[in-house]
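Morning, everyone. I'll take the sheets, then the helices, then the pocket. Please have a look at the model first.

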Amino acid sequence: MKCPFCGYTDSKVIDSRPTDENERIRRRRECIQCSKRFTTYEIIEDVPIIVIKKDKSREVFDRNKILKGMLRACEKRHVTVAELEQKISEIEASLQASVDREVTSARIGELIMEKLKEIDEVAYVRFASVYKEFDSAESFREELAKLND
């Protein structure tokens with residue numbers, strides 16, 4: 001670590017502790033050459049998840065887009081935002097755990113439907129009707145039949 005005062009490239013760690021949020025490590029360091037002290041922070045580097053959309057374009061994963069879609073599906077249902085946030089965190093964790101850094105929007109849609117099915121079947125059918133582009137009452141009946149299996 002380069003000293004911000006003299007530019008020397010060697011220092012010793014005097015103290016290490018997690019920050020309040022437990023997302024970073026705060027390190028107090030002392031320069032070997034000038035003996036001045038300074039603080040550094042160590043964080044885990046996030047590698048972004050890239051979403052491959054239907055039109056083959058790519059964009060960075062955005063949990064707010066998922067939340068908006070799930071909120072629409074859960075409108076006037078007894079589902080809390082906290083429950084949705086928890087499910088989105090589970091989706092994001094499973095994507096982060098994957099070796100692939102790119103995922104299709106279709107895969108994300110399937111994960112969302114799995115999570116909505118766990119929370120509220122009506123919200124699941126609402127989301128599925130848009131996601132799977134239902135075009136008839138028969139499409140709804142087929143999806144409802146799958147729920148009863």
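**Strands, helices and a pocket**

A word on names: helices (H or I, at least four residues) and strands (E, at least two) are DSSP runs, numbered from the N terminus. Two strands count as paired if DSSP finds at least two bridges between them.

Now the ground rules. This is a predicted model, where local features need pLDDT of at least 70 and side-chain atom pairs count only at pLDDT 80 or more, while totals for chains, interfaces and linings use all residues. Residues are numbered from 1 along each chain as its sequence is written, and side-chain values use heavy atoms, with hydrogens and water left out.

How many bridges join S1 to strand S2 (residues 24–31)? Seven, and the two run antiparallel. Asp15 stands opposite Arg28 in S2. S2 and S3 also pair in the antiparallel sense, over seven bridges. Their hairpin has five residues between the strands, and Ser35 there takes a positive phi near 65°.

What about the start of the chain? Met1 lies in the segment before S1. Met1 and Lys12 are 11 residues apart in sequence and 9.0 Å apart in space, C-alpha to C-alpha. Leaving aside neighbours within four places in sequence, Met1 is in contact (heavy atoms within 4.5 Å) with residues including Tyr8, Arg29 and Phe38.

Next sheet. Three strands form an open sheet in the order S5-S4-S6, with mixed pairing. S5 and strand S6 (102–104) are at the edges with a single partner strand each, so one side of each has no neighbour in the sheet. Three bridges join strand S4 (residues 50–52) to S6, and these run parallel. Ile52 has Thr104 in S6 as its bridge partner.

On to helices. The axes of helix H3 (residues 105–119) and helix H4 (residues 121–131) come within 7 Å and cross at roughly 160°. That makes H3 roughly antiparallel to H4. The scale is this: under 35 degrees is roughly parallel, over 145 roughly antiparallel, 65 to 115 roughly perpendicular, and the rest oblique. The contact residues divide into 10 nonpolar, two polar and three charged. Nonpolar means Ala, Val, Leu, Ile, Met, Phe, Trp, Tyr, Cys and Pro; charged means Asp, Glu, Lys and Arg; the others, Gly among them, are polar.

Last, the largest pocket. About 730 Å³ of space lies in it. A pocket, on a 1 Å grid over the protein atoms alone with a 1.4 Å probe, is an open set of points with protein on both sides within 12 Å along at least five of seven lines; lining residues have an atom within 4 Å of a point. The volume is the space filled by probe spheres set on the points, which are joined across faces, edges and corners. Of the 23 lining residues, Lys65, Ser105, Ile112, Phe127 and Tyr131 are the closest to its centre. H1 gives the largest share of the lining, six residues.

Key. Axes are lines fitted to C-alpha atoms, for helices over the stretch in contact, and angles run from 0 to 180 degrees between N-to-C directions.
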